[in-house]
Amino acid sequence: MKKLIVCLLSLILILSLIGCGSGNNDATDDNGGKDAQGTDTKAEKVLVWAWDQNLPVIDYAKTKYKELYPNVNAEVVVQSVPDTVDKLSVFFSSGVGTDLPDLVLMDNNRIQAFLQQFPDKFVNLSELGFDEYETSFSKAHWELLSYEGSIYAFPFDIAPLMMQMNTEILEAAGVDPQSLKTWEDVIAATQAINGAGYAVQAQFENREVFALLQSAGVGIYDKAGNIDLLNPKVVEAIDMFIRLQKAKASDKTASASEVGEGTVTMAIKPAWAIGEDMAVLKKIEGKVKLYPLPKIKDEKGYTSSANHGGSSFFILETSKVKDIAYEIGKIITTDMEAQDIALAEGLMPGYLPASALDSFNNEVPYYQGQKIWALLNESAIDTLPVYINEHYAIGEDIVANTIIHPIASGTDKTAEVLLKEAADLLASQTGRTVNEY
Amino acid sequence: MKKSCLKITSETAPYYFMAPGAILFAVFGAYPIIQTFIYSFQNKMGTRDSTFIGLGNYIRAFEDSIFLTSLKNILVIFIMHAPVMIFLSLILAYILNLSTTKFRKGFRTAFFLPNVTNAVAYTFMFKLLLSNDGILNQVLDMIGLQQIQWLSDPFMAKWVVSIMIIWRWAGYNMVIFLAAMQNINVHLYEAAAIDGASNTQKFFKITIPLLKNTIFFTTIMTISGTLNLFAETQLLTNGGPNYGTYVPALLIYNVAWKQFNFGYASALSYIIAIITILIAVIQFNIGREKD
């Protein structure tokens, strides 16, 4: 009897351990609905991971697909970008193949890191025929999602930045918003705005500083992947940040949340945030307008455009329903009605033909009747490319800690010194070459 | 022969009882420890093929200024909070151990409550209180005082993290001290009282010396906890400003899950584990020598 109990206990333990480690060997699971031969056995399920702003578009795509194929159900799990990044990387590195989504929405800035470090985990969309849409997206957008000559993600929204100005405050301060064409103009207007009792802008963080860099056509890395922080244009942009900080045009006593309270005059806003803010920041409704970003210099090579964020959809290699996921991804990113729904949520379609949509010409009362989507679209055309690689996240981290924070704290160091320190640190962390000028 | 090995006897029974735990430890404890050790000698990036690079990751760690800064930060945060927290815990435990103290159970629960609060929740609470436009700065503004940039200055941010740790762990240590104090023979206090000792003298001459081992234990636990500090700094400041609250666990997390450099992250984890073990051994030896 004792032996029997021991044998049973051992068997249960061994079986449970085998059960833990063998989940990904099943020929059929909830994810697929197909047997090992790929024959339909039950209703197909497509699992999508995305964040909430994208839900209406996904709903549209799954409804449209279901009209054609009634036995397909798409289930959406809503989660934030950091959650998606953490879960995916844990799944990939642990080798787990079950309970993974078929289609995943990912922040554009993280896509290269995933493609380069987990090269075998994503479906090559070029092989499925998505290359036919190459000319329907900007070259920079397409390259951002490509790896070794093939595209791996459906390009969805882009995030052009514009300057939101509170015209009521500017009027009280006697400043004409049209006159704020360069950052020099903003510095010149600071005294008047502060004198009227308002902050000019909240403390600059990553978004604002990277907008300064991109508007001058520079970033952390160059096209070859070298560290480009010593580029004279980067020095110029950081020097401008220092001057804005000293002039209190980037005000460390003001926070971004105060923009919605109507006590901070200006804020650099990406398209998706504009879409979100209109629904919640009611205090400034009808008091704000969008303007092009101020330039660092009113010269050739300096633009008033930048981009911050945007997202794209991956299909995971573990998916048992790649063909369905592909069709749904295609609807989300290339169907005109889907782009219209995205725009209504404040998501600027990266799909170039979408610019013909009537919605781009809608006058938006929140922004005093401005055609904001047309303005944002126009701004996106001039945006210069940013080069993103697998070390982009650490680059952002180092720029924040060694440049943005010290300047915000009032460091005496010059832009050159700060950038040299940041470049050396980044080189030691990534092993990449620093471009010398 | 095989049959006799499987037979449950008084000699073999302990092995059968230990087997489930040992197997679980081997699979979920020993295997990851060994695997991490192997990774620490490889340039393991994501799921790409990796190669053996010897001590490369360890050498890189000692040349990595971010890692060295994180070690320095953890030392400063430890110095800022550990003595205050342990002394505060001792005082609280002593007061709650006095028979004259009223509502002892209520106070004990109240002081222990922060420890069962979720780290995310209480960090969010501190962020609400101490951010640039937080409640505390609004109050300072209302009474006409200058606002303080609690989280924008590296030194102040370290203080905020230290205060959070004290708030959360003082009650926990207090319970440990209280349990130890209740084991001290009351006759010692009575004898001291007859000799005319004050409460302060009793505290320093009787309580503290008799709690030496418990103080060692809580100090080791505090060192280990500080070396593994993560949630507070990640959620409150994300290691900033200017790497002012960057701690080793946050660096390991970022290296592993933002850069997907599992080889280097494994080496950093081993260095932290070795530092923790070394400190514990040194403290135990000092404690034993004094005994």
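No salt bridges are counted between chain A and chain B. This is a predicted model, and in it the two chains bury about 3,000 Å² between them.

**The interface of chain A and chain B**

- Contact between the chains involves 37 residues of chain A and 34 residues of chain B.
- Of the area buried between chain A and chain B, 57% lies on carbon and sulfur atoms.
- Although the salt-bridge count is zero, 14 residue pairs are in polar contact across the interface, both residues of each pair being at pLDDT 80 or more.

**The side of chain A that touches chain B**

- Two or more residues each come from α1 (2-21), α3 (81-94), α4 (108-117), α14 (392-408) and α15 (415-430) of chain A.
- The element that gives the most to this side is α14(A), with eight residues.
- By residue class, this side of chain A has 15 nonpolar, 13 polar and nine charged residues.

**Helix α13 of chain A**

- Helix α13 spans residues 372-381 of chain A, and its buried residues are Ile372(A), Trp373(A), Leu376(A), Asn377(A) and Ser379(A).
- Glu378(A) and Ile381(A) are exposed, on the face of α13(A) turned away from the buried side.
- The buried residues of α13(A) are covered by parts of chain A including the strands β7 (161-166), β10 (288-291) and β12 (348-349), together with the helices α10 (271-280) and α12 (336-344).

Key: Residues numbered from 1 in each chain as written. Chains lettered and ligands numbered in written order. Predicted model: local features only at pLDDT ≥ 70, side-chain atom pairs only at ≥ 80, totals over all residues. Heavy atoms only, no water. Contact = heavy atoms within 4.5 Å. Buried area = accessible area lost by both parts, 1.4 Å probe. Salt bridge = Lys/Arg side-chain N within 4 Å of Asp/Glu carboxyl O. Polar contact = N/O pair within 3.5 Å; in protein donor to acceptor, adjacent residues only side chain to side chain. Helix = DSSP H or I, 4+ residues; strand = E, 2+ residues; numbered from the N terminus. Nonpolar A, V, L, I, M, F, W, Y, C, P; charged D, E, K, R; others polar. Buried < 20%, exposed > 50% of the residue type's maximum accessible area, 1.4 Å probe, protein only.
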